[in-house]
Amino acid sequence: MSRADLPKQLLPLLGPTSLLQETATRVTDAALFAPPLVVCNEDHRFLVAEQLRAIGVQPSAIVLEPVGRNTAPAVAVAAAIIARTDPGGVMLVLPSDHHIADLAAFHAAVARAAAAAAEGRFALFGIKPTGPDSGYGYIVQGAAAGLEGVFKVDRFVEKPPRAEAEALLATGHGWWNSGIFVLRCDQYLAEIERLQPAVAAAAAAAVAAGGGDLDFLRLGRDAFAASPSISIDHAVMEHTGDAVVVPVEMTWSDLGSWQALWEITAKDGDGNAFSGDVVALDSRDCYVRGDKRLVALLGVEGISVVDTDDALIVMARERSQDVRRIVDLLAARKRREVKSHKRIYRPWGYYETIDLGVRHQVKHIQVKEGGQLSLQMHHHRAEHWIVVSGTARVTCGNEDRLLQENESIYIPLGQRHRLENPGRIPLHLIEVQTGSYLGEDDIVRFEDTYGRA
């Protein structure tokens, strides 16, 4: 389900909202938090902005990374931006793909960590393990750090074998490393400069060379790309003398596998966790997610089934960490499914292919209220548009027309055209393309609201 164009953070895996939206919702209390600053890949910028808008969250900034460079440079960029107006500001660093069920415990832990950060410590959230899981890194708790519920970090243990994980649990001082941090911006910038000067220099140069792009802050491409790719743990936390751990029980999961989703999802009397249209007979301890069609189980145990529009996987539930091997195999075979779903999101809405032949393609297109496609033309295809619901404003050459439900229009090959939704409800239409080449790269843009021309 997590593809390059639509990663896990942007998927609604636990309910109607995405993991990003759930993360943002945790920090909306204005008495506790300033508006969030979001760092994301530039390819996901419109989806991120739209998802935040949909839940009424106005970020202080959405910062666009031109390339991925892991968490240490991303946090350095965020700290540098915040430090412009609040050098000593205390920053809560949250991955956007985690599940936290106990918000009261989370907020209490944030308060303890913020008190430690105000004193110059780097506070890490340590999660009480539910078992000796070798899939997590561990923080080993040291002596008390002088604040209630805060302890010095003795050492880090990276994904230990099961026997070592069991020994860590037996001590009562081994905690899962959640990847959640609270730190002071100026101190982090000073420490990253001391420990990783190349990261510090690249982050500072990327912010200085950056600029506004619509509602986004775009980092300097060459400057940011020059940064080493390194995590905040390896860059700073494992080397600083100021790291502390704040142990917390808040029903946390990093949702790293379908097994993790099975563990936190409500189950029936046979231990099955189902999402979608599922029926089961004589089946136990299974996880099934069916997006569209009926999925039926008969006489199976301990399996996971995930069925999407264009892909189906069936696996032993305990092997769900190995899905990466399947993805690597698909990538080696250059399969489209690694990159995108059938539904492709754009800043104006989305489209999905219904049928594809040698010289024809049929799409369902949705344009959100007020959305508009670029003024464009195609060299190799003509298009027919049929409005299913809503109102379409169509520019075709020198003519502008309003189309209502059940009305249609023909766009000849080579004709400049634009599609807009002037209404207050989403516009749905069917597009029929015909021609010698139907690829998405056969688009010449002349004007574009979203800066793509």
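## Charges over rings

R416 places its charged end over the ring of F446, at 3.6 Å from the ring centre. A charge is taken to sit over a ring if NZ of Lys or CZ of Arg is within 6 Å of the ring centre and within 35 degrees of the ring normal. R317 also meets this description, its charged end sitting over the ring of W262, 3.5 Å from the centre.

## Basis of the values

Residues are numbered from 1 along each chain as its sequence is written, and side-chain values use heavy atoms, with hydrogens and water left out. In this predicted model, local features need pLDDT of at least 70 and side-chain atom pairs count only at pLDDT 80 or more, whereas totals for chains, interfaces and linings use all residues.

## Aromatic pairs

Nine aromatic pairs are found in a search of the whole structure. Rings of Phe, Tyr and Trp (its six-membered ring) pair if their centres lie within 6.5 Å; planes under 30 degrees apart count as stacked, over 60 as edge-to-face and the rest as tilted. The pair of F46 and Y450 is edge-to-face, because the ring centres are 5.6 Å apart and the planes stand at 75°. F46 belongs to helix α2 and Y450 to the segment after β27 (444–447), so this pair ties together parts 404 residues apart in sequence. Helices (H or I, at least four residues) and strands (E, at least two) are DSSP runs, numbered from the N terminus. Ring pairs join F46, F216 and Y450 in a cluster.

The rings of Y136 and W176 have centres 4.2 Å apart and planes at 35°, so this pair is tilted. Y136 lies in the loop between β5 (122–127) and β6 (138–144), and W176 in strand β8 (residues 174–184), 40 residues apart. Y136 is buried at a relative accessible area of 12%, and W176 is buried at 4%.

## The second largest pocket

The second largest pocket is lined by 42 residues, with I344, Y345, R346, Y351 and E440 nearest its centre. On a 1 Å grid over the protein atoms alone, a pocket is an open set of points where a 1.4 Å probe fits, with protein on both sides within 12 Å along at least five of seven lines; lining residues have an atom within 4 Å of a point. β17 gives the largest share of this lining, four residues.

How values were computed. Buried < 20%, exposed > 50% of the residue type's maximum accessible area, 1.4 Å probe, protein only.
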